[in-house]
Structures are given as C-alpha cells and as structure tokens.
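Me: I've got a model open and want to talk it through. Can you take my questions one at a time?

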Amino acid sequence: MTPEELARAEERLRNPAPGSRIEAAQNFGIDLTLLIGQLRLTPAERARQMLEVCQLAERVRGAARKRKP
C-alpha cells in the first residue's frame, strides 16, 4: 500500500461516509483504530503478529490441559 493509499484509507476509517458500511461497523462497536494500526504494518509484520498470537494461544491451551484433575 502506498503512503497515499494508506492516507486515504485512514481518512475513510476515521471519518466514514454517512450510510457507509464503515459507518455501520463503527456504530456496531468495531474499533476502527485497530484496523488502521494493522494497515500501517507490512504483510510480514502482520504475519509475524498472527504467528505470535497463535503460539501464545497454544501455550495457554497446553497450560489449561495440564491443570485438569
């Protein structure tokens, strides 16, 4: 995504057009600033974050299994 495309996307997310799907998502309670943060990352950075979250989930799941009586 070019800096210009990112700036346009951020503007649309920060100030959604009335009646748009983005406005509907915002009204539903979706935190659009999280999406903006993800858009600022490179695809490799997003993939790395996703992998870290998956690894954490696996560790938590493993710890929960060990605690069962």
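This is a predicted model: local features need pLDDT of at least 70, side-chain atom pairs count only at pLDDT 80 or more; totals for chains, interfaces and linings use all residues.

Me: What share of the protein's residues count as buried?
Reply: The cut-off to apply is under 20% relative accessible area. The chain has 69 residues, and the share of them that count as buried is 12%.

Me: Which elements do the buried residues of α1 pack against?
Reply: Helix α1 covers residues 3-14, and its buried residues are Leu6, Ala9, Glu10 and Leu13. Seen down the helix axis they fall within an arc of 100°, so they line one face. On the other side, Glu4 and Arg12 are exposed. The buried residues pack against α2 (21-28) and α3 (32-39).

Me: Is Ile36 buried or exposed?
Reply: Ile36 is found in helix α3. Its relative accessible area is 4%, and the cut-off for buried is under 20%. So Ile36 is buried.

Me: Which residues does Ile36 touch, leaving out those up to four places away in sequence?
Reply: Ile36 and Ala7 are 29 residues apart along the chain, with their C-alpha atoms separated by 9.8 Å. Leaving out residues up to four places away, Ile36 touches Glu10, Leu13 and Arg14.

Methods: Residues are numbered from 1 along each chain as its sequence is written. Side-chain values use heavy atoms; hydrogens and water are left out. Helices (H or I, at least four residues) and strands (E, at least two) are DSSP runs, numbered from the N terminus. The expected span of a helix is 1.5 Å times one less than its number of residues. Buried means under 20% relative accessible area, exposed over 50%, partly exposed in between (1.4 Å probe, protein chains only). The arc is that of the directions from the helix axis to the C-beta atoms. Contact means heavy atoms within 4.5 Å.
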